[in-house]
Amino acid sequence: MLVSYCGRTWIDANPTSRFIEKASSSESESLEDEFPQINWVELKKVNSEVVGWVSIPETPLSYPVVQAPSEDPAYYLDHDFFKKSNYQGCPYIDASCAEVGYQYSRNVVMCGHNLGHGSTLLFATIANYSDTSFAKRHPVILFQTPKTKYALAVEAVSVLSGESPSKRTVFESTEDFHEWYKDCLNNAQIRLKLPADIPQDAQLFSFVTCSYHKSNNERTVVYARGVPSSSEEVVSSTSVDTE
């Protein structure tokens with residue numbers, strides 16, 4: 001059984017790639033070209049809980065993102081985008097964001113599995129952000145919906161024990177949120193500077209996955225910020241410098 005399991009994780013096939021009408025270009029002249037073109041009509045026919053698509057240029061990460069339901073927060077940990085029982089799960093926005101909607105959440109927590117064993121599926125790419133050189137080469141995470149696009153500038157990366165809290169979405173006030181995020185940044189292993197055109201009140205996204213750098217019970221959390229734009233205008237997050 002163990003051999004069979006490991007063998008499956010080495011098969012890096014992404015069945016949701018059929019919803020991509022045009023992949024991002026490796027020779028893009030603008031950030032707009034970095035967003036893959038998605039067939040939203042077909043995507044929503046398959047799963048009405050889809051809210052967007054996440055991708056990282058020049059990496060294998062390119063997947064639909066669903067909203068985890070409040071009545072079953074762990075559903076997408078062991079069900080795929082097609083709602084079939086599957087240990088690989090599906091990238092999802094935490095159920096605690098469902099009530100107000102991710103658009104109005106101070107911290108949008110997006111989770112996905114890292115299958116390990118050399119697999120590049122799902123959020124394995126997120127775990128790579130614990131490497132400073134990788135973070136420098138991939139300073140932008142793209143998230144798009146049928147109406148808006150976010151070019152999210154990576155600001156910090158933390159590797160936490162699985163016993164430590166790795167998410168928070170409810171805050172008593174703006175000041176409470178700022179204090180919490182300040183602590184996150186102070187404790188982060190990697191810090192990157194935001195581009196000048198990203199306002200300080202830009203929406204925060206936290207990308208969370210398992211990682212196996214020092215133990216089998218870790219979480220890598222990537223904090224990235226940006227503002228939504230229309231399909232005609234995408235916020236530039238290029239030229240991110242390290243401190």
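Aspartate 94 is buried in this predicted model, with a relative accessible area of 6%, where buried denotes under 20% relative accessible area, exposed over 50%, and partly exposed the range in between (1.4 Å probe, protein chains only). Aspartate 94 is placed in the loop between strand S5 (92-93) and S6; helices (H or I, at least four residues) and strands (E, at least two) are DSSP runs, numbered from the N terminus. Beyond its neighbours within four places in sequence, aspartate 94 is in contact with Gln67, Ala68, Val109 and Lys167, contact being defined by heavy atoms within 4.5 Å.

Residues are numbered from 1 along each chain as its sequence is written, and side-chain values use heavy atoms, with hydrogens and water left out. As the model is predicted, local features need pLDDT of at least 70 and side-chain atom pairs count only at pLDDT 80 or more, whereas totals for chains, interfaces and linings use all residues.

The protein chain has five helices and 12 strands. Of its 243 residues, 50% are buried. Among contacts with a separation of 6 or more, 66% are between residues 24 or more positions apart.

The largest nonpolar core comprises 31 residues, of which Val54, Met110, Ile126, Tyr129, Ile141, Phe143 and Phe207 touch the most other members. Such a core is a set of buried Ala, Val, Leu, Ile, Met, Phe, Trp, Tyr and Cys residues joined through side-chain atoms within 4.5 Å. Elements giving two or more residues to this core include strand S3 (50-55), helix H4 (132-137), strand S7 (140-144) and strand S8 (149-161). The largest contribution, four residues, is that of S8. Not counting residues up to four places away in sequence, isoleucine 141 touches, among others, Val54, Ile126, Tyr129, Leu152, Phe207 and Val222. Another core, of 28 residues, lies apart from it, and includes Trp53, Tyr181, Leu185 and Ala188.

Aromatic pairs were assigned for rings of Phe, Tyr and Trp (its six-membered ring) with centres within 6.5 Å; planes under 30 degrees apart count as stacked, over 60 as edge-to-face and the rest as tilted. By this rule there are 17 aromatic pairs. The ring centres of tryptophan 180 and tyrosine 223 are 6.5 Å apart and their planes stand at 75°, so this pair is edge-to-face. Because tryptophan 180 belongs to helix H5 and tyrosine 223 to strand S11, the pair ties together parts that are 43 residues apart in sequence. Both tryptophan 180 and tyrosine 223 are buried. One aromatic cluster is formed by Tyr102, Phe143, Tyr150, Phe205 and Phe207.

The largest pocket holds about 360 Å³ of space. On a 1 Å grid over the protein atoms alone, a pocket is an open set of points where a 1.4 Å probe fits, with protein on both sides within 12 Å along at least five of seven lines, and lining residues have an atom within 4 Å of a point. Of the 19 lining residues, Tyr181, Gln200, Asp201, Ala202 and Arg225 are the closest to the pocket centre. Helix H5 (174-187) supplies the largest share of the lining, five residues.

Glutamate 58, in the loop between S3 and S4, is exposed, with a relative accessible area of 66%. Leucine 122, in the loop between S6 and helix H3 (124-127), counts as buried at 4% relative accessibility.

Notes:
Points joined across faces, edges and corners; volume = space filled by probe spheres on them.
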